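User: I would like a close look at a single part of this protein, with the terms spelled out as you go.

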Amino acid sequence: LFGVICLAATLSDFFLVRMRSWERVLGAIAGILLIAPGITPTLLGFALVGPVSYGVSDGDLAALRGLPNVHFIGSVPHEEVPAVIDACDVCLIPYRLNEQTRHVNPLKVYEYLAGGKPVVATPLPELSQFANAVRLAGDAAGFIAAIEASLPEAADPLAQALRRALAAANTWDLRVARMIELVDDALKCKA
């Protein structure tokens, strides 16, 4: 197998400052990449996109930086994010499961799906609605298996079309239109 596996830890410094993304995902990435030797396929290249700062020490990152198949891309301008996603074969959302993330609906899932990319994520409740397009994994071994299962689908035109259709059905315009419809219905009932 060969593939580029991408984790966009953040899409902007503002998001990172507000959500402290690296603190949430570092443990999951380390678990995926640093589990027992020989389990992580060395032909998989991991690109970690986004700034690394805000409470993540160099000591915590040293083992990851030492792996030959892990590449820290750093921050990219927002307008370049689609090109970065396009270069990926599989995209990850490996949040730690805790009280905060139980209520997260990660925007990056929509960006990944809009790019037609397979997505592997921790089992966040909000992602269960995408069970037919997002593989959920609860541990490092599950992530590796889900990544390997996703690689053959990366270039499948039908799978790409399904993922893009899911993203298209979840735009802000559609959500706002639905909210307006609900408000209008509620107002009509009161009248």
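This is a predicted model: local features need pLDDT of at least 70, side-chain atom pairs count only at pLDDT 80 or more; totals for chains, interfaces and linings use all residues.

Analyst: Residues are numbered from 1 along each chain as its sequence is written, and side-chain values use heavy atoms, with hydrogens and water left out.

The buried residues of α5 are Lys108, Val109, Tyr110, Tyr112 and Leu113, where buried means under 20% relative accessible area, exposed over 50% and partly exposed in between, with a 1.4 Å probe and protein chains only. For the setting, 41% of the protein's 191 residues count as buried, and its secondary structure comes to 8 helices and 6 strands, with helices (H or I, at least four residues) and strands (E, at least two) taken as DSSP runs numbered from the N terminus.

Tyrosine 110, which is buried at a relative accessible area of 11%, forms an aromatic pair with phenylalanine 130, edge-to-face, with 5.7 Å centre to centre and 80° between the planes. The rule pairs rings of Phe, Tyr and Trp (its six-membered ring) if their centres lie within 6.5 Å, and counts planes under 30 degrees apart as stacked, over 60 as edge-to-face and the rest as tilted; by this rule the count comes to 1 aromatic pair. Because tyrosine 110 lies in helix α5 (residues 107-114) and phenylalanine 130 in the loop between β5 (119-121) and β6 (134-136), the pair ties together parts that are 20 residues apart in sequence. Phenylalanine 130 is itself buried, with a relative accessible area of 1%.

The helix also meets α7 (residues 157-168): the two axes come within 7 Å and cross at roughly 135°, axes being lines fitted to C-alpha atoms, for helices over the stretch in contact, with angles from 0 to 180 degrees between N-to-C directions. That angle makes α5 oblique to α7, since angles under 35 degrees count as roughly parallel, over 145 as roughly antiparallel, 65 to 115 as roughly perpendicular and the rest as oblique. On the α5 side the contact (heavy atoms within 4.5 Å) is made by Tyr110, Leu113 and Ala114, and on the α7 side by Arg163, Arg164, Leu166 and Ala167.

Finally, α5 is followed by glycine 116, whose phi is positive, near 80°.
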